[in-house]
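Subject: Handing over the structure, with notes

Hi there,

Here is the structure I promised to pass on.

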Amino acid sequence: MIGKIIAVSDLSVKILLNNPSEIKIQDILYANHNDHIYKFEVVEINGNICKTIVFDNVIYLKKGIPIFKSEDKLAIEYSDQILGKVFDPYGNVISNDTLKSVKKKNVYERNVSLEELDIQSGLLLTGIKVIDFFAPIQKGSKLGLLGGAGVGKTVLIKELMNNVFKKFKSNSIFIGIGERSREGKELYDEIVKSNLIDKISMVFGQMGDNATSRSKAIYSGLTLAEYLRDEKNQDVLLFVDNIYRYVQALSEISAELGRSPIENGYPTTMISDVSKVEERINSTREGSITSFQAIYIPADDYTDESVQTILSHLDGQIVLDRSIAEKGIYPAIDVFKTTSALVDPDIIGKRHFDLIEKSLKFLTRYTELEEIIVVLGIEELSEEDRQIFYRSRKLRNYFSQPLFVSEQYTGIPGQLVDINDVLDDVENILNGTYDDVDESKFLYIGSYGRK
Amino acid sequence: MQDSVNDIISRKIDYIANQNNIYHSGKVIKLNEFIVEVTGLEDVFYFEKVFIGNEENIGYVDKIEENKVIISLVRTNGQIAVGDSVIATSEALMAYFSKDFMGMIVDPFGYDKMTGKKINNGTYIPIETPKIGIMDRTDVNRPLETGIAGIDLMFPIGRGQRQLIIGDKKTGKTQICLDTIVNQKDKKVICIYVAIGKTKKELKRLYSQLVEKNAHVYTIIMASFNDDLAPLIKLTPYAALSVAEEFMREGKDVLVCIDDLKKHADACREIALIAEKNTGRDAYPADIFYTHSRLLEKGCQHKDGGSITILPIVETKGGDITDYISTNIISITDGQIVLSDKMFQKGQKPAINFGLSVSRLGGAVQKDSIKMIGSTVRRELLSYLETADVYQLVNEESMSPELRAKLQEGKKIMEALKQPKFSPFSENELINKFKFVIHMPNQDSNKEEVDSDGDII
């Protein structure tokens, strides 16, 4: 026994320690009460009192209950056995499966030094027109998928899994944080059905789990990805849905511990907490981690402090917009905010770069024209503006795409599109080759020119 | 003199004798609305039920601190004073469940809200049950028909789905729930309507409508009133879902309407601020997302057969669905039906905003016969609404015939979607009314694919 409970609240328990020198931050403590094991992680030590956060719930806990210390800090399996398994954030297997032998690793230890960091690599094509065109990515990239509630982040991340994961068949890690359990199960079932379960390992701390659980999922998942990168020298795909929920969970913990928040209740340590995680998601010479991170935009506020903090770590971003979803155009991408570090003529070539610039010029003018038209009507526009107006509408429709994962909503089979076809089509739309084609012909198609 | 001393001593002895264990009682030292601070009570556990003064004042242990215990009151006669004794019960605060609840308005503790009497022959159940794990769930794919064309065709709801109904005051949110409940007649669905912060008048009117349609026989109304204590309001939907889970575990399909979660969030905010907790955005408690996410995660299709479908309601202001609480709940649910003030006033009822409404499950929960028509109606309609906006000032004669046909078709769909309350469409009625969208001749490549699948019609 190392101490006794002296205070209990919703998410935390205070413990009076017999000998403070034997307890350290991140130690795991436990109590056995009413035939139930309660676990806690130490987060603050003040003299002979330590504050802990609880793994599960605190119902039936009271003062005086004896507390014991676990051997290990938070750890997760670190061997080939991780593939095909589903874990909870505390490293327990929750799929119908068991580990034969146990070889665990602490989930907090690993970091990538500047020396081992690798930044060279080639383009990685997703087959999704709007991503390959406006926000091209490469192996080892970190791509953010941003959007408010219900504009299609999860659909897009599932489509990326479908296209990239199935195409490359490289091992992947999926980390579900604070999202729907139903979607987690559906994803698992789909992967089992397509016989890819042996190539993926999943960690779920979903929205029905408490803040401790949601805040640990990312560490456990990262440790799995690092195993594949560091020990197996693989190119790993990492899908995180949703990294914002990690910060959200930390806010709950921070409030519970009575720490002063920064704006909107975010924890004081938000910037360092995000950095701790993001700096681990990197590639080394031995292997790479390409990550796709969904980022929830709370209250549709793109300037939200936590969203901007996460964004500062990413190489590219895809922003989904409610006003576009409202028009029935999916993926509902805001092309003005969607970009990546690779949009550079030296990397993607001058033709691609020029087409992006010209598209954005057209679409910017189109948004201005939309306002004018509401007042004056199309007839009043100059010949040039009318051309921009019609071509931009075609362009906008063209960037919609039938997705494999949304066949069930649309009834239209999904399509992979080659970037060279996209470049040809965009060029032809912009230069007027397709002026006499009706705009609805561009909606929900793959390539137009190559049929 | 001697007498009065004896009196005090004997009273003290009685007092001690009446408490089973002296260490199980404490004294009120501070009272702030529904939060009571107590000293003593050294041996209580978190969420233990306690009495303050007498059995009319019930609370639960919300926090145990080094030298005091914080109690939240769920029921009071308003007569609590500093110095009152607080008696622990060694039991957790529990909800009560009886199959006799059917057709009644009850509170979480099994009292009939009409008569105030306790209902018997039931069992105590936890107010909040452990989460339903990922691996205990399975696909949501059986339809729960609302009977409303705009929903069943375009934003279908499946058994085990959570579908938000969101809109301003007086846009028909509750009516959608009522229509849906009434439409469950003979469909073997148990309905639970959870009233949070409704006025007594509203509730009575709602109850009489259910009785009139004979829908009360398969419906439980679990309610906390506007003037109930905030901690009770906070617990009410959890208790209702706990009741729903009892039915689900028996393999039954349950529909739970929660009306509404904005008021629930406001009650939680009230509690957090009175309890002086650190707050987050808009002064809501930092864990308000989790408060709602763990509640709505009870909605599921269980692998053992039963299901809980949840229709939470959120009231908005000025048609803004991007405020904090609304977006939180949108991000939890499997879709949303957005109701629009403008549509309502134009007489387009139910006043669904077709652009902003979504069902993430879509066709997966529709029968094949409905699926094809539904997705076509939705595509045509969205395209019509967007085009109508842009081309509203264009002279009709100067339009291309394609465009003119599209606009006419759109108007026809809008007209067909109008539906008075309590007049549900059956599956066949829906197909007959909307099959015209499939037969429309056009040259669009996508729609030709639809035509070639014509065997579905």
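Below is what I found, one chain at a time.

Before anything else, please keep in mind that this is a predicted model.

**Chain A: overall**

Chain A holds 13 helices and 18 strands.

An open sheet of 8 strands is the part I would open next in the viewer. Going across the sheet, the order in chain A is S8-S14-S13-S15-S16-S12-S17-S18, with mixed pairing. At the edges are S8 (86-87) and S18 (339-340) of chain A, each of which pairs on one side only.

One pairing inside this sheet is S12 (residues 142-147) with S16 (residues 288-296) of chain A: the two run parallel and are joined by 6 bridges. As a landmark for that pair, A:Gly147 has A:Tyr296 of S16(A) as its bridge partner.

Two helices that pack on the sheet deserve a look:

- Helix H2 (residues 153-168) of chain A touches S12, S13 (172-177), S14 (200-205), S15 (235-241), S16 and S17 (316-319) of chain A, and its direction makes about 165° with that of S15(A).
- Helix H4 (residues 211-231) of chain A touches S8, S13, S14, S15 and S16 of chain A, and its direction makes about 175° with that of S13(A).

The peptide bond from A:Asp241 to A:Asn242 is cis, with omega near 25°. As for where this sits, A:Asn242 is in the loop between S15 and helix H5 (244-256) of chain A.

**Chain A: a helix pair**

How do H11(A) and H13(A) lie relative to each other? The axes of H11 (residues 383-398) and H13 (residues 419-430) of chain A come within 9 Å and cross at roughly 160°. An angle over 145 degrees counts as roughly antiparallel, and H11(A) and H13(A) are therefore roughly antiparallel to each other. The crossing of H11(A) past H13(A) is right-handed.

From H11(A), the contact uses A:Arg391, A:Lys394, A:Leu395 and A:Tyr398; from H13(A), it uses A:Asp421, A:Val422, A:Asp425, A:Val426, A:Ile429 and A:Leu430. Sorted by class, the contact of H11(A) with H13(A) has 6 nonpolar and 4 charged residues, and no polar ones.

**Chain B: strands and loops**

In chain B, S1 (residues 25-32) and S2 run antiparallel and are joined by 6 bridges. Within that pair, B:Leu31 is bridged to B:Val36 of S2(B). The hairpin of S1(B) and S2(B) has 2 residues between the strands, and B:Glu33 in it takes a positive phi near 55°.

S2(B) also pairs with S5 (residues 69-75) of chain B, again in the antiparallel sense, over 4 bridges. Here B:Val36 stands opposite B:Ile71 in S5(B).

B:Phe47 is a residue other than glycine with a positive phi, near 75°, and lies in the loop between S2 (35-40) and S3 (48-52) of chain B. A cis peptide bond joins B:Lys349 and B:Pro350, with omega about -5°; B:Pro350 lies in the loop between helix H9 (341-345) and strand S17 (358-359) of chain B.

**Chain B: two helix pairs**

H5 (residues 230-249) and H7 (residues 288-296) of chain B pack at an angle of about 15°, with their axes 10 Å apart. That makes H5(B) roughly parallel to H7(B), and their crossing is left-handed. B:Pro237, B:Tyr238 and B:Leu241 of H5(B) meet B:Thr291, B:Arg294 and B:Leu295 of H7(B). This contact of H5(B) with H7(B) divides into 4 nonpolar, 1 polar and 1 charged residue.

The axes of H10 (residues 368-390) and H12 (residues 427-434) of chain B come within 10 Å and cross at roughly 40°. H10(B) and H12(B) are therefore oblique to each other.

Best wishes

Terms used. Residues numbered from 1 in each chain as written. Chains lettered and ligands numbered in written order. Predicted model: local features only at pLDDT ≥ 70, side-chain atom pairs only at ≥ 80, totals over all residues. Heavy atoms only, no water. Axes fitted to C-alpha atoms, helices over the stretch in contact; angles between N-to-C directions. Parallel < 35°, antiparallel > 145°, perpendicular 65-115°, else oblique. Pairing = 2+ DSSP bridges. Contact = heavy atoms within 4.5 Å. Left-handed = near helix turned anticlockwise from the far one by under 90°. Nonpolar A, V, L, I, M, F, W, Y, C, P; charged D, E, K, R; others polar.
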